[in-house]
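Q: Can you walk me through this model? I'd like the overall picture, then some details.

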Amino acid sequence: MDKQQLSKDILKLVGGEENIDQVTHCMTRLRFNLNDNQKADKATLKNTPGVMGVMENGGQFQVIIGNDVPVVYNALVGNMSKSPNAENASSSASTGEKKKRNPISALFDFISGMFTPILPAITGAGMIKGIVAILVALGWLSDTSSTYIILSAIGDGAFYFLPIILAISAARKLGSNMYIAAALAAGIMHPSITALLADGHNSSFMGITVIAATYSSTVIPIVLAVWIASYVEKAVDRVTHASLKLLVVPTVTLLIMVPLTLMTVGPLGTVLGNGLSGGISWLFDNMSIFASILIGGTMSLLIITGMHYALLPIVVGSMTTLGYDFIIPLMFAANLAQGGAAFGVGLRSRNGKTKSLAYSTGLTAIMGITEPAMYGINMKFKKPFIAALIGGAVAGGFMGIFNVKSYVITGLAGLPSVAAFISPAISTLLYALAGGLIAIVVAAIITYILGFQEESESQPVAPAAEPAPAATTTSAVVTEEAKAQDEQIFSPITGEVKPLSEVPDPAFSEEIMGKGFAIQPSEGRVVSPINGTVFSLSKSGHAIGLVSDTGAEMLIHIGIDTVKLKGQFFSPKVQAGAKVAVGDVLMEFDREQIEKAGYTTITPVIITNMHQYESIESAGRTTIKEKDLLFTAKA
């Protein structure tokens, strides 16, 4: 691919040089501070060969390139009449970011970052609730037995104590102390408080009314409380001497926030939460078909814009208060419609590469991972994407007619999640499956009828179809790509192993950059996971590129958005071009200071040239130490 031409295309599509206030880059993406984000042509950029994705985050306009980003950046700067002022970057970027930060985008980012890490817990608990319901319905388990009580507690536990789980996740996202937040949630859920307010009568604290409310299984009250507590905690921390912080900060924060939550924040949040759940329930009870058609037909658009994150509190609130949800079935319909549209492209296309990619991404979409089909096929050819929206709307209307509900929160809304629709009435599952089939068939047929204009056969269909050669730096030389073979990847960090889906950045969570796993560090050190060469090291120290002796290209990305720290708290121990062996120290970083500055330290460890490998195979660990086997890339 011609990087000069790609840089010219990007420069034009972001609105031209006059629209660029500043441009920098990290290990994988160009980061623009634009004068007007609306002038950028996101749709065309996303479909430009060589561009893996486009996203807006914190006021920045980010173009995801991959390993070639240094080359593209240099070419882009070379095409500009004036070079971006790197010396003024820190001040202008920070002030510009605050000035241009979209409150709606910031809200969606907060909701996403708060809910994504806890989804495994509530998904697992929800599945257990569904299994228990099936066993009881089939008569295989008595609802009075001790086994039923224990299984029910396992399923209900995460939902009953959801405020504590959410408090920890919200505090982490807000950069406040997670354990103070957990103590705040535990305080309002203490059995004595629950008993005091359980009869529905108001109580009092120091003569001030405490409104009766129930906080178990709620969402909004604790989120509001932790948000306010983050400001209280930081204010107390600023005025407290260092020698007294450990004693004073948590004490004062809890003494202020627990009563304040019980008296004002909690009741207000309860009213808002009940109103949202009640409103959704009313909408589907009284306008079920209309609501289902609308949401089923626009869900993919919501996902593209990131607005689907706003639905997460509604889904969780409905599930915890009503025991079921109407939105997950519509996500299911929309995802399968994307797969159906991709299948339609495969049926109609005369291009062998397009046909193969359409079928493979279509299958991935009906399994619940829609991005390859959505971005690589349907949006590229435009009409298939419209067909997918229609398929989602038709299937949504069908599900609305038959009142399809989800009884479990699932991680991916695809065929593997059909257990979410199992209830005592088996018809719910059957209607859900029928709705999914309708989504696939309608989207495929409409795609086939509408047709689409294919580009020349030499044109890459999707970024994923094109190998991304390793980026180089001034001191690193990467040898010619070798034939891939199985590659063992050892852990570069001690900590907890997480799926990439828990990383609060779509470039990683949606596997746009590559496949692998993430690690939540418990120590502030990174060692080499392979025998090979350091081919790139970001100036800010937050990202390290490696290539193994057998050709696996890797990225270790310490934290999310930590490029904004501009090297603070990072201490590199190698330079680009260095030969390394498994266990050699690459980087040391101050984990606590990074998190105190408001950044998550979750670290994706990924293979970026996955086109050379068939799959990755986890070593099955949940906690891991340096040099333990993390995963194997299967050639």
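Q: What share of the 635 residues in the protein is buried?
A: Buried residues make up 52% of them. Buried means under 20% relative accessible area, exposed means over 50%, and partly exposed is in between (1.4 Å probe, protein chains only). This is a predicted model: local features need pLDDT of at least 70, side-chain atom pairs count only at pLDDT 80 or more, and totals for chains, interfaces and linings use all residues. Residues are numbered from 1 along each chain as its sequence is written, and side-chain values use heavy atoms, with hydrogens and water left out.

Q: How many helices and strands?
A: The protein has 21 helices and 20 strands. Both are DSSP runs, numbered from the N terminus: helices are H or I with at least four residues, strands are E with at least two.

Q: And what accessible surface does the protein have?
A: About 27400 Å², with 60% of that belonging to carbon and sulfur atoms. Accessible areas come from the Shrake-Rupley method with a 1.4 Å probe; for residues, only the protein chains shown count as cover.

Q: Which helix has a kink, and where is it centred?
A: Helix H7, residues 146–160, has a kink of about 30° centred on Ile-154. The bend at a residue is the angle between axes fitted to the seven residues ending there and the seven starting there.

Q: Which residues of H7 are buried?
A: Ser-152, Gly-155, Ala-158 and Phe-159 are buried in H7.

Q: Switching to charges. How many salt bridges?
A: The count is seven. The rule is a side-chain nitrogen of Lys or Arg within 4 Å of a carboxyl oxygen of Asp or Glu.

Q: What does Arg-525 pair with?
A: Its side chain meets that of Glu-626 in a salt bridge, 2.7 Å from N to O. Arg-525 lies in strand E10 (residues 525–527) and Glu-626 in the loop between strands E19 (623–624) and E20 (629–634), so the pair ties together parts 101 residues apart in sequence.

Q: Is Glu-626 buried or exposed?
A: Glu-626 is buried, with a relative accessible area of 15%. Arg-525 is partly exposed at 31%.

Q: What about Asp-237?
A: Asp-237 forms a salt bridge with Lys-245, 3.5 Å from N to O. Asp-237 is partly exposed at 23% relative accessibility, and Lys-245 is partly exposed at 24%.

Q: Which residues make the nonpolar surface patch of about 520 Å²?
A: Leu-363, Met-367, Leu-415, Ile-426, Leu-430 and Leu-433. Leu-433 sits in helix H19, residues 427–450, and is partly exposed at 37%.

How values were computed:
Patch = residues over 30% accessible without salt bridge, like charges linked within 9 Å, V, L, I, M, F, W, Y side chains within 5 Å.
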